[in-house]
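Keep the structure open beside you as you read.

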Amino acid sequence: MSIPADRMSPEERRAGASLASIFALRMLGLFLILPVFSVYAKTLPGGDNLALVGFALGAYGLTQAIFQIPYGIASDIFGRKQVIVVGLLIFAFGSFVAAWAPDMNWIIVGRVLQGAGAISAAVTALAADLTREEHRTKVMAMIGSSIGLVFALSLVGAPILYGWIGMGGLFCMTGGLALAAIILLLKAVPPAPPVNGHEKLPLRRVIFDKDLLRLNLGIFVLHMVQMAMFVVLPHALVDHGGLEAASHWKVYLPAVLVSFAVMIPAIIAAERKDKMRPIFRAAIGLLAIVQLGLLFFGQSLWTLSLWLLLFFVAFNVLEATLPSLVSRTAPAAAKGAALGVYNTTQAIGLFIGGAAGGYVAQNFGDNAVFATAAVLVVIWLVVANSMNFPRPRTAPAATQTV
């Protein structure tokens with residue numbers, strides 16, 4: 001039976017759904033910890049040291065940044081699935097160490113090990129391997145949407161689960177979800193294509209490629225702005241919106257869900273109608289408008305909710321299109337390495353965004369965070385205007401014998 005080129009094949013749908021589920025299982029465990037960790041830390045020796053608590057949270061991101069490129073390169077040489085299994089095993093081991101940890105120092109060890117299971121580049125590269133170019137952004141959107149959804153769900157479920165099973169139980173659940181992701185990878189994800197072997201491709205070609213540099217700048221700015229925003233937005237929802245912290249999910253969850261409904265038509269238009277360039281630029285422009293809106297018109301619950309909704313629309317579109325563009329732009333023999341650099345840049349953006357957002361808010365006020373973010377996004381928009389957008393290759397219809 002012939003499948004039209006503009007429709008995803010069953011194998012592509014299965015690859016997208018299963019890889020998105022693997023991401024979701026791994027990220028759910030991490031997100032469940034974030035809303036309650038600072039409360040739990042106070043019960044441990046060393047937990048009254050806020051520097052240690054902050055380092056424990058940030059250690060994951062730092063080791064992610066260190067290991068993304070090596071994992072990406074290894075997946076180019078040894079195969080995607082093998083590298084993903086190793087990363088998930090290390091991540092699970094770190095989760096169980098953190099569950100056992102008698103003090104903050106051992107919590108940090110567990111978090112460092114969790115971060116060392118840096119599989120994002122290998123999973124994204126496998127998604128690119130298993131899908132045709134004209135459907136790749138859809139698969140990246142599935143992965144990005146799964147992350148956004150589990151983030152929203154974790155805001156609701158974390159306090160409840162913490163009350164039932166405690167932080168040790170949450171860490172054990174995190175490890176168990178990682179092991180479940182291995183089973184899903186081996187049983188549900190279609191076979192990966194052959195690896196490129198030991199073909200040599202200088203890493204500097206990936207790092208200094210002009211178009212890849214522009215895309216890496218994009219993911220750096222996107223996640224730096226995200227983290228900086230969420231340093232001050234919870235306070236804004238309390239101070240200007242009159243919404244207590246325990247009820248913030250009532251804003252986040254609807255915003256994330258509605259943003260998915262808006263994002264999907266944009267992604268379809270970008271792929272089927274060759275509108276990637278205008279939609280990509282429009283999403284960056286919307287992100288800048290959100291920052292200016294929060295700066296000048298963010299003094300009520302309704303306006304804050306509106307800007308959050310528009311932020312998630314822009315964020316989800318960009319989160320889906322950026323890795324798709326990286327996979328299309330990168331040399332075939334270094335797709336994993338390119339996505340490793342991309343994910344490293346993302347992790348650095350998360351780390352710097354949180355640190356810089358806190359510094360700016362502490363010294364210059366919340367509005368200075370939004371103003372700085374707006375400037376950064378405008379700079380990104382200027383850079384994006386000079387990007388070369390790879391045109392999707394016209395693929396022959398996929399075939400399936402029935």
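H6 has a kink of about 105° centred on Ile-165, where the bend at a residue is the angle between axes fitted to the seven residues ending there and the seven starting there. Helices here are DSSP runs (H or I, at least four residues), strands likewise (E, at least two), numbered from the N terminus. Look at the ends of H6 too: a straight helix of 56 residues would span 82 Å at 1.5 Å a residue, but the end C-alpha atoms of H6 are only 21 Å apart. The expected span is 1.5 Å times one less than the number of residues.

Before going on, bear in mind that this is a predicted model, with local features needing pLDDT of at least 70 and side-chain atom pairs counting only at pLDDT 80 or more, while totals for chains, interfaces and linings use all residues. Residues are numbered from 1 along each chain as its sequence is written, and side-chain values use heavy atoms, leaving out hydrogens and water.

Now compare H11. Its 29 residues should span 42 Å at 1.5 Å a residue, and its end C-alpha atoms sit 41 Å apart, which agrees. H11 is also mostly covered, with 21 of its 29 residues buried (under 20% relative accessible area; exposed is over 50%, partly exposed in between; 1.4 Å probe, protein chains only).

For a close-up, pick Leu-318: beyond its neighbours within four places in sequence, it is in contact (heavy atoms within 4.5 Å) with Leu-222, Phe-280, Ala-283, Ile-284, Leu-287, Pro-323 and Trp-380.

Met-8 lies in the loop between strand E1 (2-3) and helix H1 (10-41), and counts as buried because its relative accessible area is 12%.

Finally, zoom out. The protein chain has 13 helices and two strands, and 53% of its 402 residues count as buried. Its C-alpha atoms fill a box of roughly 60 × 45 × 40 Å along the principal axes.
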